[in-house]
Amino acid sequence: MKIIGLSGNVKRPSRTASLVEAIVSVARDRLGSKGQVIELVDAAPTLFRALRSDQLDAEGRAIIDAVEAADVLVVASPVYRASYTGALKHLFDLVDYRALTGKRVILAATGGTPLHGLMIEHQLRPLFGFFNALTLPTAVYATEADFADYGIANPAVLDRIERAVSELAHILPAADQVTTAGVSSHRPARIAANA
Ligand SMILES: Cc1cc2nc3c(=O)[nH]c(=O)nc-3n(C[C@H](O)[C@H](O)[C@H](O)COP(=O)(O)O)c2cc1C
């Protein structure tokens, strides 16, 4: 069982990266699995060398391969201009459209205002709908006020992480039965051809 955390932050230090680290750490402990966090501040300069997946160099290919091979993804972004960062979107534009079918995904985000918490529901969750991934019902949203010195300071955020990871543990056996072939055969031909 391999967990990959993806943090859409394009600067460091990063509240979003702290949030992803915390979620991956709880999931790793609960599931006894391996976990790794990829921050876009590191990965984006490599990935932006490729505008399409067939242009990826070995370093970029290794990042995309790690995402595609993960059993569980924890995907988070700072809210930028009412959405997730362009750097995070570029990574997913390079992921094969079949590769995330049936994968369990925990969604999270950080923002300056609570008013943009639904960015997760309106922007991030539909991205994984496209990929036929299984997003967990509980998402984790935290604002700048929930952090102190870039660490999580609000116990309510930690409770929310526990809830999301509990759902992950609950859903694992059922999700294992989802097959790539069975789901991807329902893709509209035009999407498959252009992906
Ligand atoms: C370019 C930019 C755009 C932002 N746009 C929004 C926004 O639309 N809504 C919001 O709530 N916060 C916005 N913020 C605030 C960040 O989402 C917030 O500070 C976040 O926690 C930063 O995460 P990081 O520490 O991982 O970089 C923006 C910040 C920047 C730098």
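Biologist: How many helices and strands does the secondary structure of the protein comprise?

Modeller: The model is a predicted one. Within it, the secondary structure amounts to eight helices and eight strands.

Biologist: What percentage of the residues in the protein is buried?

Modeller: A residue counts as buried if 20 or more other C-beta atoms lie within 10 Å of its own. The protein has 195 residues, and the buried share of them is 37%.

Biologist: How many residues of strand β3 are buried?

Modeller: Strand β3 covers residues 72-78. Val-72, Val-74, Ala-76 and Pro-78 point one way, Leu-73, Val-75 and Ser-77 point the other way, and all are buried. In a regular strand, side chains alternate between the two faces of the sheet.

Biologist: Is the pairing of β1 and β3 parallel or antiparallel?

Modeller: Strand β1 consists of residues 2-7 and is joined to β3 over five bridges. Ser-7 has Ala-76 in β3 as its bridge partner. The sense in which β1 and β3 pair is parallel.

Biologist: How many bridges join β3 to β4?

Modeller: These two strands run parallel. Val-75 stands opposite Leu-107, a residue of β4. The number of bridges between β3 and β4 is seven.

Biologist: What is the handedness of the β-α-β unit made by β3, helix α4 and β4?

Modeller: Helix α4 comprises residues 86-93 and forms the unit together with β3 and β4. The handedness of this β-α-β unit is right-handed.

Biologist: Which element gives the most to the largest nonpolar core?

Modeller: This core holds 51 residues, and those touching the most other members are Ile-23, Ala-27, Val-74, Ile-106, Ala-108 and Val-140. The element that gives the most to this core, with eight residues, is α1.

Biologist: Which residues does Val-140 touch, not counting residues up to four places away in sequence?

Modeller: Val-140 is among the members of the largest nonpolar core that touch the most others. With residues up to four places away in sequence left out, Val-140 touches Leu-19, Ile-23, Ala-108, Val-157, Arg-160, Ile-161 and Ala-164.

Biologist: Which elements each supply at least two residues of the shell around the ligand?

Modeller: The ligand is surrounded by 16 residues, the closest being Ser-14, Thr-16, Pro-78, Gly-111 and Gly-112. By class, this shell has four nonpolar, eight polar and four charged residues. The elements that each supply at least two of its residues are α1 (15-31) and β4 (104-111).

Biologist: Where does Pro-13 lie?

Modeller: Pro-13 is joined to Arg-12 by a cis peptide bond, with omega about 0°. The place of Pro-13 is the loop between β1 and α1.

Biologist: Why does Asp-149 count as exposed?

Modeller: Asp-149 sits in the loop between β7 (147-148) and β8 (151-152). Its phi is near 50°, a positive value in a residue other than glycine. Asp-149 counts as exposed because its C-beta neighbours inside 10 Å number 7.

Biologist: Why does Tyr-150 count as partly exposed?

Modeller: Tyr-150 is located in the loop between β7 and β8. Phi of Tyr-150 is near 70°, a positive value in a residue other than glycine. Tyr-150 counts as partly exposed because its C-beta neighbours inside 10 Å number 15.

Key. Residues are numbered from 1 along each chain as its sequence is written. This is a predicted model: local features need pLDDT of at least 70, side-chain atom pairs count only at pLDDT 80 or more; totals for chains, interfaces and linings use all residues. A residue is near a molecule or strand if its C-beta atom, placed from the backbone, lies within 6 Å of it. Helices (H or I, at least four residues) and strands (E, at least two) are DSSP runs, numbered from the N terminus. Ala, Val, Leu, Ile, Met, Phe, Trp, Tyr, Cys and Pro count as nonpolar, Asp, Glu, Lys and Arg as charged, and the others, Gly among them, as polar. A residue is buried if 20 or more other C-beta atoms lie within 10 Å of its own, exposed if 12 or fewer, and partly exposed in between; C-beta atoms are placed from the backbone. Two strands pair if DSSP finds at least two bridges between them. A crossover is right-handed if, with the strands pointing away from the viewer, the path from the first strand over the helix to the second runs clockwise. A nonpolar core is a set of buried Ala, Val, Leu, Ile, Met, Phe, Trp, Tyr and Cys residues joined through C-beta atoms within 7 Å. Two residues are in contact if their C-beta atoms, placed from the backbone, lie within 7 Å.
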